[in-house]
Amino acid sequence: MSFLSCCKFESNHSFKDNNSFKESVADTSKAFNKNGNRFSFFIKSMSHKTGSSRHRRISEEVMKVGNAKVSARVFSYQELAAATNNFNDDCLVGEGGFGKVYKGRVQSSDQDVAIKQLDKNGRQGNREFLSEVLMLNLVQHQSLVKLIGYCIEDEHRMLVYEFLINGSLEDHLLDLPPGKEPLDWNTRMKIAVGAAKGLEYLHHVAKPSIIYRDFKASNILLDADFNPKLSDFGLAKLAPSGEQEFVSTRVMGTYGYCAPEYQRNCQLTTKSDVYGFGVVFLELITGRRVIDVKRPTEEQNLIYWAESLFKDKSHFTKMADPLLQENYPKKGLYQALAIAATCLQEEPDTRPFMSDVVSALQFLVKPKAEEQVDRISLKCSSRYVDSVIEGNASENQVI
Ligand SMILES: Nc1ncnc2c1ncn2[C@@H]1O[C@H](COP(=O)(O)OP(=O)(O)OP(=O)(O)O)[C@@H](O)[C@H]1O
Ligand SMILES: [Mg+2]
């Protein structure tokens with residue numbers, strides 16, 4: 001068995017084929033914004049240093065995706081300042097590598113929004129801003145956050161999203177303050193299925209398919225009913241096409257969630273996202289952060305810790321989040337652990353596809369899952385899943 005640790009360095013609409021994708025982009029753009037900007041115009045308009053070689057390189061790369069229209073709405077700085085009472089601290093809901101996130105109310109549409117303000121001195125920049133606008137312009141799915149618009153004015157760069165009232169999964173799962181209600185088992189499984197469907201859409205439905213690259217608890221946002229939506233497409237990449245098996249790109253993402261082969265050889269595929277999903281799913285089951293330096297040394301890396309417990313079925317219940325207070329179906333726990341294990345396999349080829357993961361997970365959210373399901377199987381690694389459920393997983397077995 002070889003779970004690997006790794007490492008931050010740096011409307012229900014489906015697309016059935018390439019042509020329909022292009023048409024859909026055009027149609028969507030038309031439907032959402034009759035005055036949609038040409039994409040090239042959008043890129044030109046956002047340069048900090050027009051004509052610089054860095055700007056040209058980024059523009060060329062992003063233009064490879066296509067000359068689509070950008071359907072997101074353009075906001076003025078003044079409109080967003082009014083929506084947030086001049087970016088008042090009372091409206092601040094969070095802060096990440098991109099910059100500060102504010103809750104605002106847009107007067108013209110009478111709508112709550114989340115406004116992300118690019119911090120010029122932050123870890124991320126124009127490239128991530130562009131990638132976010134472009135990717136979210138191309139995809140639409142109930143498990144992906146909606147980009148409502150953006151602001152490019154003088155030095156200001158802002159992204160405007162639908163506001164998700166329950167914040168991020170991280171806020172409800174990891175390092176809960178005393179007295180905060182933990183997520184129950186069913187909600188955790190529902191979040192896992194929804195998030196997996198988001199990845200499934202990006203990998204298998206969107207054309208060209210997209211590698212998300214930054215799957216982690218803080219990037220999974222939750223609506224009022226705890227339905228998950230993936231946010232932060234700044235690091236997303238188009239998946240390899242034709243003969244190409246992987247995208248060669250420098251390692252970016254968040255420490256602990258990166259697939260081993262991506263960290264080692266900079267080889268990115270959709271299977272790298274499957275590994276990231278495995279990590280978050282294990283966090284959902286255990287309530288533990290993938291890397292937690294506050295724990296004893298041997299427990300600081302969730303994947304290494306789980307690796308030792310996976311060797312013996314009698315230890316499986318030790319992996320359940322103590323905050324669940326044993327309120328989970330035992331068989332459901334075993335099955336969930338088996339799915340996490342297959343996603344975390346060392347070899348990308350032996351990890352399942354996200355569509356297989358979605359199929360397997362769906363059994364876990366049904367009511368009375370214990371009676372309904374005797375065994376789940378994934379197309380990939382089904383033998384291992386079975387052996388985990390039976391408790392026969394051996395130390396030598398590759399997971
Ligand atoms: N659309 C949104 N609706 C509601 N809250 C949001 C929204 N987008 C972000 N937030 C809040 O802002 C916080 C910061 O988000 P952000 O994506 O900037 O940083 P992060 O995910 O914590 O870190 P990173 O930069 O590594 O992605 C989130 O954890 C969430 O609580
Ligand atoms: Mg984020």
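## Helices α7 and α9

The axes of α7 and helix α9 (residues 270-286) come within 11 Å and cross at roughly 175°. Angles over 145 degrees count as roughly antiparallel, so α7 is roughly antiparallel to α9. These values come from a predicted model.

On the α7 side, the contact is made by Arg188, Ile191, Ala192, Ala196, Leu199 and His203. They meet Thr270, Asp273, Phe277, Phe281 and Leu284 in α9. Sorted by class, the residues of this contact are 7 nonpolar, 2 polar and 2 charged.

## Helices α7 and α12

Helix α7 (residues 185-205) also packs with helix α12 (residues 354-365), at an angle of about 160° and with the axes 9 Å apart. α7 and α12 are therefore roughly antiparallel to each other. The crossing of α7 past α12 is left-handed.

Residues of α7 in this contact include Met189, Val193, Lys197, Glu200 and His204. Among the α12 residues that they and others in α7 meet are Met354, Val358, Leu361 and Val365. The contact of α7 with α12 has 11 nonpolar, 5 polar and 3 charged residues.

## The shell around ligand 1

Around ligand 1 there are 22 residues, and Gly94, Gly96, Gly97, Ala114 and Ser218 come nearest. By class, this shell has 9 nonpolar, 8 polar and 5 charged residues.

Strands β4 (92-95) and β6 (111-118) each supply at least two residues of the shell. β4 gives the most, with 3 residues.

Terms used. Residues are numbered from 1 along each chain as its sequence is written. Chains are lettered from A and ligands numbered from 1 in the order in which they are written. This is a predicted model: local features need pLDDT of at least 70, side-chain atom pairs count only at pLDDT 80 or more; totals for chains, interfaces and linings use all residues. A residue is near a molecule or strand if its C-beta atom, placed from the backbone, lies within 6 Å of it. Helices (H or I, at least four residues) and strands (E, at least two) are DSSP runs, numbered from the N terminus. Ala, Val, Leu, Ile, Met, Phe, Trp, Tyr, Cys and Pro count as nonpolar, Asp, Glu, Lys and Arg as charged, and the others, Gly among them, as polar. Axes are lines fitted to C-alpha atoms, for helices over the stretch in contact, and angles run from 0 to 180 degrees between N-to-C directions. Angles under 35 degrees count as roughly parallel, over 145 as roughly antiparallel, 65 to 115 as roughly perpendicular and the rest as oblique. A crossing is left-handed if the near helix is turned anticlockwise from the far one by less than a right angle, and right-handed if clockwise. Two residues are in contact if their C-beta atoms, placed from the backbone, lie within 7 Å.
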